[in-house]
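Q: Please take a close look at the ligand site in this model. Then carry on to the other local features worth a visit.

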Amino acid sequence: MTLPEDPDPAAHYDRVTDAWRLLLGESLHYGLFAHGDESLADATRALTDRMAAAAAFAPGQRVLDVGCGTGDPACHLVRTQQVDVLGITTSAIGVERALARAAAAGLLGRARFEVRDGTDNGLPDETFDRVWALESSHLMPARDALIAECARVLRPGGRLVLCDLIRRRDVPFAELRARSAEFATLREAFGEARMDPLDRYLHLAEGEGLSVDLAEDLTDATLPTFDRWRANVERHRDEVTPLLGQSGVDAFARSADILESFWRDGTLGYGIFAAVKPS
Ligand SMILES: C[S@@+](CC[C@H](N)C(=O)[O-])C[C@H]1O[C@@H](n2cnc3c(N)ncnc32)[C@H](O)[C@@H]1O
């Protein structure tokens, strides 16, 4: 089994960004399926809109998007919520693609993008009305530092909204060892990641003085994502193979099967929470 040479998320995202646009779509996240027969594009947008509902935006608010991908959610928020967004990511390619997207949409200025680390963002205290982290936290093992930074930059009365992959049960060491080949495949396709129970996020947020007012398991509604990813591998195999290599494409396809089995057997899933900083 070939392990990735770039487990570091910044290097990983620099390498996979263009291929993932074909495999995952413009937004680099799971879909939220109400019926199961929606397109991946509609379902990924539905997840962004589910986050937006949890964020309860008001026009003119300042939003920090932690782990902004190539800027599709941020540009969507500027257009639909009339907010100003600063997107940050450790991937320089991500920032380049996001700036190009915002420029093409005439949104530069209202959608800004910078290379910054979500666990040590260097931004001033209490400057954002909303902090948004859409499927980026699993790439930040220093989860306590991530949540502390999110809380620090929020204005009093502001909201943190986060959704991501979650761990839904303890995996005994013997099982981890027995399934090590599956974990290596996931690592090759998705880079270094760590999933925590949704409760751990709530605990960290409350530890930072935030008050959690929404927490929901979205595992069932995200399950059809894996079918769409497999279909995209078949549809775009010739285009993504030069970008990811044969082994990278195979690892991505196998990962869809592995993740689906984890979703079905209750090991992994998807969750969302929101929390408010007291005024
Ligand atoms: C699965 S993608 C999600 C992107 C985007 N939120 C979306 O929904 O389209 C994860 C993102 O987190 C970013 N990321 C990983 N580690 C990070 C860190 N320490 N600080 C900031 N961003 C990070 C990646 O570069 C990537 O942009």
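A: What follows starts at the ligand and then moves to a cavity and some single residues.

This is a predicted model, in which local features need pLDDT of at least 70, side-chain atom pairs count only at pLDDT 80 or more, and totals for chains, interfaces and linings use all residues. Residues are numbered from 1 along each chain as its sequence is written, and side-chain values use heavy atoms, with hydrogens and water left out.

The ligand first. Around the ligand stand 20 residues. A residue counts as near when one of its heavy atoms lies within 4 Å of the molecule. L28, H29, G67, T89 and G118 come nearest. By class, the shell holds eight nonpolar, nine polar and three charged residues. Here Ala, Val, Leu, Ile, Met, Phe, Trp, Tyr, Cys and Pro are nonpolar, Asp, Glu, Lys and Arg are charged, and the others, Gly among them, are polar.

Now the polar atoms. A polar backbone atom of G67 sits 2.7 Å from a nitrogen atom of the ligand. The side chain of T89 places a polar atom 2.7 Å from a ligand oxygen atom. L134 contributes a polar backbone atom, 2.9 Å from a nitrogen atom of the ligand. The protein buries 97% of the 590 Å² that the ligand exposes when taken alone. Such areas come from the Shrake-Rupley method with a 1.4 Å probe; for residues, only the protein chains shown count as cover.

Next, the cavity. The whole structure has one cavity of 30 Å³ or more. A cavity is a set of points, on a 1 Å grid over the protein atoms alone, where a 1.4 Å probe fits but cannot get out; lining residues have an atom within 4 Å of a point. Grid points are joined across faces, edges and corners, and the volume is the space filled by probe spheres set on the points. The largest cavity holds about 40 Å³. Its lining is R15, V16, W20, E188, A189, L244, G248 and F252. Five of these lining residues are nonpolar, one is polar and two are charged. Helices α1 (9–23), α7 (180–190) and α10 (225–264) each give at least two residues to this lining. Helices (H or I, at least four residues) and strands (E, at least two) are DSSP runs, numbered from the N terminus.

D196 is in the loop between α7 and α8. D196 counts as buried because its relative accessibility is 5%. Buried means under 20%, exposed over 50%, and partly exposed in between (1.4 Å probe, protein chains only). The D196 side chain makes a polar contact of 2.9 Å with that of R194. Another, of 2.7 Å, joins the side chains of D196 and R200. A polar contact is a pair of N or O atoms within 3.5 Å; within protein, one must be able to donate a hydrogen and the other to accept it, and residues adjacent in sequence count only if both atoms are side-chain atoms.

Helix α8 (residues 198–207) includes E206. E206 is partly exposed, because its relative accessibility is 46%.

Last, the backbone. Most residues other than glycine have a negative phi. Q82, not a glycine, has a positive phi of about 55°. Q82 sits in the loop between α3 (72–81) and β2 (84–89). Its 37% relative accessibility makes Q82 partly exposed. E126 also has a positive phi, near 50°. E126 belongs to the loop between β3 (111–115) and β4 (128–134). With a relative accessible area of 40%, E126 is partly exposed.

Conventions. On a 1 Å grid over the protein atoms alone, a cavity is a set of points where a 1.4 Å probe fits but cannot get out, and a pocket is an open set with protein on both sides within 12 Å along at least five of seven lines; lining residues have an atom within 4 Å of a point.
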